[in-house]
Amino acid sequence: MGFKQFLTNNWRLVNSNNLFINRCANSVLESHNIGYAQKSVVNKLQLPLKPKKPSPPFFQYLKERRQEVIEKHNLNFKDAIRYLSESWKDFDEDTKKKMTDIYNKELEQYKDNMKIFNQNLTVDQKNELFRVKYEQIEQRTKRKLKKELKELGKPRKPLTAYLKYVTEEIKNHGNEPVQTYMVTVANKWKEMDENQKSKYIESAAIDNENYKNALLKWENDMIKVGRLDLVRARALSKDDTDN
């Protein structure tokens with residue numbers, strides 16, 4: 001069951017805990033990105049526009065009042081959702097029921113429209129839509145993993161010698177567009193002799209050695225807590241050898 005479906009079935013249980021707020025905010029952002037990707041595929045394959053799934057009552061409530069709350073109370077995006085999730089608890093029950101009844105009717109109509117939409121698709125069109133959906137799931141998985149690794153304190157890979165040079169030089173680009181200036185920086189790096197590059201190369205080598213040691217320590221910590229899924233195969237082999 002998807003998050004939106006869970007929310008639809010259990011909207012009276014909506015509360016303002018951080019997990020809900022984060023998932024709600026992410027859902028709003030991801031629905032925007034997914035909608036954009038689907039439109040791109042529709043244009044590319046000249047598909048009929050896919051029926052739009054109706055939003056559950058609470059999401060309608062969010063959409064209608066979010067900007068007003070942000071401006072009126074000077075809140076950021078997540079704080080606005082927190083505020084609205086609290087106010088939703090006290091929202092008029094009769095209005096909630098009317099919104100839910102309308103939503104249920106729209107949902108039934110959406111299901112009928114989706115049947116027609118899928119029946120009219122060719123095999124190639126279905127395969128392309130499946131590919132896009134798979135890529136969206138893959139991107140979400142990568143974002144979640146990246147966030148988890150950051151929370152677990154995984155060391156970040158250091159800058160290469162060239163990127164160290166770029167970081168230093170980019171401060172001097174002035175009013176020149178960054179993309180144009182990057183070409184200039186790349187050409188300057190190519191023209192530098194090894195002696196000029198040496199300070200960047202040596203600094204990068206030191207950073208890389210420190211990174212390797214920090215990563216190995218982090219991986220050992222992950223092994224101890226049973227998170228083998230986050231550890232490289234070589235770290236597991238070394239751990240087995242040490243034992």
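Guide: Let us look at helix 7, which covers residues 161-169, and helix 8, which covers residues 178-191, whose axes come within 10 Å and cross at roughly 130°. Please keep in mind throughout that this is a predicted model. Two packed helices are described by the angle between their axes and the distance between the axes, and here the angle settles how the pair is named: angles of 65 to 115 degrees count as roughly perpendicular and those over 145 as roughly antiparallel, so helix 7 and helix 8 are oblique to each other. The crossing in which helix 7 passes helix 8 is right-handed.

Turning to the residues that make this contact, helix 7 contributes Ala-161, Tyr-162, Tyr-165, Val-166 and Glu-169, while from helix 8 they are met by Tyr-181, Met-182, Val-185, Ala-186, Lys-188 and Trp-189. Sorted by class, the residues of the contact of helix 7 with helix 8 comprise nine nonpolar and two charged ones, with no polar residue among them.

For a setting beside this part, consider the second largest pocket, which has a volume of about 240 Å³ and is lined by Lys-146, Lys-147, Leu-149, Lys-150, Lys-154, Pro-155, Arg-156 and Lys-157. The lining of the second largest pocket divides into six charged and two nonpolar residues, with no polar ones.

Key:
Residues are numbered from 1 along each chain as its sequence is written. This is a predicted model: local features need pLDDT of at least 70, side-chain atom pairs count only at pLDDT 80 or more; totals for chains, interfaces and linings use all residues. Side-chain values use heavy atoms; hydrogens and water are left out. Axes are lines fitted to C-alpha atoms, for helices over the stretch in contact, and angles run from 0 to 180 degrees between N-to-C directions. Helices (H or I, at least four residues) and strands (E, at least two) are DSSP runs, numbered from the N terminus. Angles under 35 degrees count as roughly parallel, over 145 as roughly antiparallel, 65 to 115 as roughly perpendicular and the rest as oblique. A crossing is left-handed if the near helix is turned anticlockwise from the far one by less than a right angle, and right-handed if clockwise. Contact means heavy atoms within 4.5 Å. Ala, Val, Leu, Ile, Met, Phe, Trp, Tyr, Cys and Pro count as nonpolar, Asp, Glu, Lys and Arg as charged, and the others, Gly among them, as polar. On a 1 Å grid over the protein atoms alone, a cavity is a set of points where a 1.4 Å probe fits but cannot get out, and a pocket is an open set with protein on both sides within 12 Å along at least five of seven lines; lining residues have an atom within 4 Å of a point. Grid points are joined across faces, edges and corners, and a volume is the space filled by probe spheres set on the points.
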